[in-house]
Amino acid sequence: LGKGGYWDDRRHFVENRYRDIPLLSDDFPEKYRGTRIAEGYDIHCNFSTEELVGYLRSWSGYVTYCQRNSIQLYSQQDAIERIQEFLDSHPHYQEKTIAVLFPVTLLLSVKKV
């Protein structure tokens with residue numbers, strides 16, 4: 001999905017944890033200073049297979065991929081539908097949760113005193 005131009009052009013900011021966004025620029029007021037906190041603030045959770053499939057379906061890049069390739073969601077051509085069928089056919093996955101990690105990055109600016 002990433003190589004086909006299906007994601008928004010700004011997706012790279014998310015992938016590199018906003019490292020390319022300058023906290024201070026020429027148009028940013030000098031009376032502020034910036035701080036970047038990118039490590040150690042991750043959200044860890046467990047998804048059921050149903051929650052995982054729902055999350056994958058919510059990706060804008062995947063929706064764009066399906067639209068551009070005339071793939072109807074929930075059809076046999078829908079890759080996520082095949083993932084769902086695989087998970088449903090293996091009782092092992094129905095009894096388990098899947099660990100999911102969401103990286104969190106904070107960009108903070110405060111007024112200098």
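Contact here means heavy atoms within 4.5 Å. I also note that buried means under 20% relative accessible area, exposed over 50%, and partly exposed in between, with a 1.4 Å probe and protein chains only. Helices (H or I, at least four residues) and strands (E, at least two) are DSSP runs, numbered from the N terminus.

**Entry 1: ground rules**

I am reading a predicted model, where local features need pLDDT of at least 70, side-chain atom pairs count only at pLDDT 80 or more, and totals for chains, interfaces and linings use all residues. Residues are numbered from 1 along each chain as its sequence is written, and side-chain values use heavy atoms, with hydrogens and water left out.

**Entry 2: the whole chain**

I looked up the elements and found 5 helices and 4 strands in the protein chain. Their order along the sequence is α-β-β-α-α-α-α-β-β. The protein chain has 113 residues, and 22% of them count as buried. I then turned to contacts between residues at least 6 apart in sequence; 67% of these join residues at least 24 apart.

**Entry 3: α2 against α4**

How do the axes of helix α2 and helix α4 cross? I found that α2 (residues 49-57) and α4 (residues 79-89) have axes that come within 10 Å and cross at roughly 175 degrees. Axes are lines fitted to C-alpha atoms, for helices over the stretch in contact, and angles run from 0 to 180 degrees between N-to-C directions. The crossing angle therefore makes α2 roughly antiparallel to α4 (under 35 degrees is roughly parallel, over 145 roughly antiparallel, 65 to 115 roughly perpendicular, the rest oblique).

Next I listed the contact. From α2 come T49, V53, L56 and R57; from α4 come I80, E81, I83, Q84 and L87. These residues divide into 5 nonpolar, 2 polar and 2 charged. Ala, Val, Leu, Ile, Met, Phe, Trp, Tyr, Cys and Pro count as nonpolar, Asp, Glu, Lys and Arg as charged, and the others, Gly among them, as polar.

**Entry 4: two residues of α2**

I picked L56, which lies in helix α2. L56 is buried, at 15% relative accessible area. Leaving out residues up to four places away in sequence, L56 touches Y62, I80 and I83. L56 and I80 are 24 residues apart in sequence, yet their C-alpha atoms are 7.3 Å apart.

T49 is in helix α2 too. T49 is buried, with 5% relative accessibility. Beyond its neighbours within four places, T49 is in contact with L87, Y93, Q94 and I98. T49 and Q84 are 35 residues apart along the chain, and 7.8 Å separates their C-alpha atoms.

**Entry 5: the buried side of α4**

Which residues of α4 are buried? I found I80, E81, Q84 and L87. They lie on the same side of α4 because they cover an arc of only 125 degrees around the axis. The arc is that of the directions from the helix axis to the C-beta atoms. Their cover includes α2, α3 (60-68) and α5 (91-94).

In α3 I marked G61, Y62, T64 and C66 as buried. Their cover includes α2 and α4.

Just after α3, S70 has a positive phi of about 50 degrees. S70 sits in the loop between α3 and α4. Most residues other than glycine have a negative phi. R17 also has a positive phi, near 55 degrees. The loop holding R17 runs between α1 (11-15) and β1 (32-37).

Are S70 and R17 buried or exposed? S70 is exposed, at 70% relative accessible area. R17 is buried, at 13%.
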